[in-house]
Amino acid sequence: MKKSILSLALVGVMIISSSAIAYADTVSYSKYSYLEKVQADNFDLNQINDDLEDELKEYKVALRARTTIKEMTWDDFNDNYDDSASRLNAAQIKLYNHIKEGKEYLDTYIEQQQTLQNIVLEGEANYFNYLFAKRNLDNKVDSFNLTKSKYDTKVLEHELGKISDIELLSYEKTYNDSFVAQLEASNAFEQAKNEFNQYVSEPINTEVDLQDVDIVLPEFQVEDLDATLSTLLENSYQLQTLKLELERLQADRTLKGRYAGFSDTKIELEELEISIEETTQQIEDMKLDLDYQFRTKYNNALSAYNSFRSAELALEIEQSNLKIARIKNENNMISALDYIESQQSYDSALNSYYSSKLSAYKTIKGFNNFITLNSTAVNMDLK
Amino acid sequence: MKRFKTALSLLLVGTMLFSTSATFAATKSLSLEDAILLSKEHSADIRSVTNQEFGIQNTIRKNIQNSYQLASSLESYYDYISIYEDASENSSHPLHKYIGRSNESLTATLTTLANQMGIAASMGLTSTVENIQSVMGFIQAYMMFGDTAGLTKETKYNTFKKNEAMLQNSIALIQTKYDQGLIAATKQTEAGVIKLYVALKDLEQGLKVQKELLEVYEIGLANMKTSYEQGLVSQNTYENQVRTVEMKRLETENLQYTFDNYSYQMKNLCGVPMATSLNLSTDFNHEDYALELPSTYYERAYSSNMTYVNLQAELAYNEKNFEVMNKYLDDYDRSSDSIKPIYYQEKVDQQETIDDLKDQIENKKLLINTNVTLAYNDLIYKAKLNDHNATALKLAEAQLNSGIQSLKLGQITQLDLDQLKLKYESALMSADQNKRSYDKSVENFQLLLDYGVTYSAE
């Protein structure tokens with residue numbers, strides 16, 4: 001009687017607590033639904049697109065006007081200058097400023113896209129990281145169970161006087177090591193879970209059920225290095241900005257050149273010369289720098305892929321070693337201790353395999369994103 | 001087995017990739033001196049400093065103009081003060097009637113006088129115009145300087161002099177700061193390129209040794225294949241060795257990528273097209289360092305550290321200002337009570353700034369001392385490790401030689417000899433790595449002494 005009251009009271013406490021404080025719920029994510037949430041939490045994509053569309057309209061009008069302005073006559077402009085050439089110049093500068101403004105919106109948009117891509121990439125990494133932490137924990141638990149069962153057997157054998165104190169001690173040490181490894185994996189898993197929950201704005205103690213997917217390494221979006229590079233140099237949005245600025249400065253110089261007699265204009269012209277020289281140099285520097293970035297990122301991606309391949313081969317070696325160790329252990333050709341060590345080497349190789357694959361994924365995808373943003377997308381908007 | 005086949009085919013593809021990455025269009029021989037020169041020409045940091053020169057020269061020009069204006073105000077003040085003294089003491093002086101009048105009243109008088117001057121000018125009365133002009137000049141000066149606010153003539157004069165001296169002092173500081181900024185940017189560029197050059201040379205050597213090691217692995221694998229075919233080695237052992245060699249190859253390839261990336265960075269610094277292949281022509285031969293650290297090294301490191309040099313310049317400027325203030329302080333003592341506390345506060349503030357700068361300099365000195373000692377200790381440690389590795393290498397070499405004899409006598413197999421070769425190559429590699437690490441430490445130390453680059457252990 002007493003007992004049932006107690007259990008009823010407990011149920012009551014549980015009901016109260018689950019309604020009062022956040023109880024550990026379980027949320028399920030597939031990689032797709034998760035990434036959608038990551039994007040939605042960080043960006044209002046529709047708003048960005050709407051803003052951009054408005055700003056780009058004017059920008060495109062200005063761009064078109066730039067190509068036709070040379071055919072216009074001075075009557076088309078009502079300005080403070082009394083000669084037609086200066087009026088045309090002044091109008092040109094006005095247009096450049098207009099284009100520059102529009103270009104700034106475009107640049108902001110591209111940079112936002114870049115940020116978004118990075119967030120998505122980080123999000124993906126987070127997803128996989130959590131999955132791997134879970135897999136790693138499962139492995140370590142399996143390893144621990146194996147070690148424990150071997151240890152329990154040895155304890156019995158020791159009691160029966162079949163093995164020495166020292167031999168038992170070495171099994172005990174392996175058992176302890178395995179226990180620690182399992183604890184570490186468990187901590188890493190909890191941490192990964194917390195990070196994941198923070199990322200998706202779920203309460204910290206939420207249990208997460210992730211759809212188990214394998215990382216598929218992306219293909220390199222480069223077939224012809226030279227061709228990709230020249231497209232990149234032609235379309236880079238940063239280079240476009242600098243080129244536009246140079247055009248504007250040159251037009252300004254032409255206009256001010258007509259009034260070089262005035263002392264104020266003389267200083268302004270001197271400053272303009274310096275700016276033109278500096279911008280020209282910046283363009284050259286940026287071309288070289290883009291070339292540098294492109295090659296370096298490409299090498300880094302290749303290198304990350306190699307590291308993954310290497311980890312994969314190391315895993316294959318450990319896999320075959322473990323297979324042989326298992327057979328040998330079953331036939332009493334090696335000690336249980338050697339077998340456990342084999343298992344642990346395999347676990348560690350598996351973990352390196354996961355992390356190097358994730359790292360390769362991030363690097364290759366980062367490289368592909370760099371290529372995409374700096375060439376195709378911008379090109380489309382500028383033409 | 002299927003996986004194993006894939007590994008083999010990848011090995012082939014990998015080797016092909018590897019050889020294509022080594023083909024480049026043009027080759028440029030690049031000594032360390034060339035690299036320093038080119039990077040200085042190309043450096044955006046240096047350019048951004050020199051581009052400021054125009055603006056700085058303008059500021060200096062404006063300051064000098066201000067200084068002239070101060071001097072000419074001083075002259076007109078001097079003219080004014082003697083007239084003022086006459087006019088205020090002598091009631092029959094024609095300007096006496098203006099002394100003590102309000103600004104509103106004086107402004108009205110100025111308007112009247114301006115009208116009168118206009119009429120006189122239209123009638124061609126030159127001397128009258130000049131007279132009215134001098135009266136108007138006095139009234140304007142009186143409105144500006146007043147009755148000297150209780151200051152003596154000398155005090156007012158000294159204030160001018162003090163301001164002018166401080167202005168000249170700050171012009172000198174602007175110039176010094178510009179010069180130092182240029183030196184700092186140049187030093188930074190030079191230090192960066194030296195560091196990179198050392199790292200590149202280091203990687204070049206490392207890559208060479210790594211490739212040699214890979215060759216030994218590949219020959220060993222070919223030997224093992226024969227043994228495997230003869231049934232002397234198990235399938236599992238052989239397959240794992242194929243994987244191990246493939247891993248070594250990937251490692252070598254990655255080292256090549258790292259080398260290429262450093263090389264790209266060098267080209268980017270020097271403004272050399274990326275497709276150019278660099279031939280690093282400078283070899284480093286470092287002398288050994290004494291076991292005692294000479295104290296002159298600390299002094300050398302101070303003068304190379306731009307933060308330290310900048311702090312010293314700031315200190316010199318503030319001390320000079322303080323000197324100027326003190327020189328004129330006696331006169332302030334005679335000035336009115338309302339102004340005196342302000343001058344004293346200025347002096348106290350100036351002293352505080354100086355003390356603060358001195359503290360900063362002492363702290364910087366301590367930091368530099370620590371850095372120099374750390375870098376030096378690192379260097380000595382690596383030198384000792386070099387000796388140790390040389391012994392290990394000798395041992396591995398002796399074992400290899402005896403192994404070659406043993407093989408001839410049939411005491412060991414080819415596979416055993418391959419193992420000894422590998423051991424020798426590994427010993428060679430670690431000796432080489434440490435030697436290169438020592439060279440880097442030497443460069444680190446020299447960069448610290450000559451460029452003030454912060455020491456970081458690698």
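Chain A has 10 helices and two strands, where helices (H or I, at least four residues) and strands (E, at least two) are DSSP runs that are numbered from the N terminus. Before I go on, please keep in mind that this is a predicted model, in which local features need pLDDT of at least 70, side-chain atom pairs count only at pLDDT 80 or more, and totals for chains, interfaces and linings use all residues. Residues are numbered from 1 along each chain as its sequence is written, while chains are lettered from A and ligands numbered from 1 in the order in which they are written.

If we follow chain A from its N terminus, the elements run α-β-α-α-α-α-β-α-α-α-α-α. Of its 383 residues, 24% count as buried, and a residue is called buried if 20 or more other C-beta atoms, placed from the backbone, lie within 10 Å of its own, exposed if there are 12 or fewer, and partly exposed in between.

Leaving aside neighbours within four places in sequence, A:Ala314 is in contact with A:Ala349, A:Ser352 and B:Met247, where contact means that the C-beta atoms of two residues, placed from the backbone, lie within 7 Å. Between the two chains, the contact takes 24 residues from chain A and 23 residues from chain B.

In chain A, the 21 residues of H7 (residues 237-257) should span 30 Å at 1.5 Å a residue, and the end C-alpha atoms are 30 Å apart, which agrees; the expected span is 1.5 Å times one less than the number of residues. The buried residues of H7(A) include A:Tyr237, A:Leu249 and A:Asp252. H7(B) has 36 residues and reaches 52 Å from its first C-alpha to its last, close to the 52 Å expected. Just after H7(B), B:Gly271 takes a positive phi of about 70 degrees.

Finally, chain B is divided into domain 1 (31-68 + 160-277 + 293-451) and domain 2 (69-159), with bounds that come from an automatic or database domain assignment. Taken over C-alpha atoms, the centres of these domains are separated by 67 Å.
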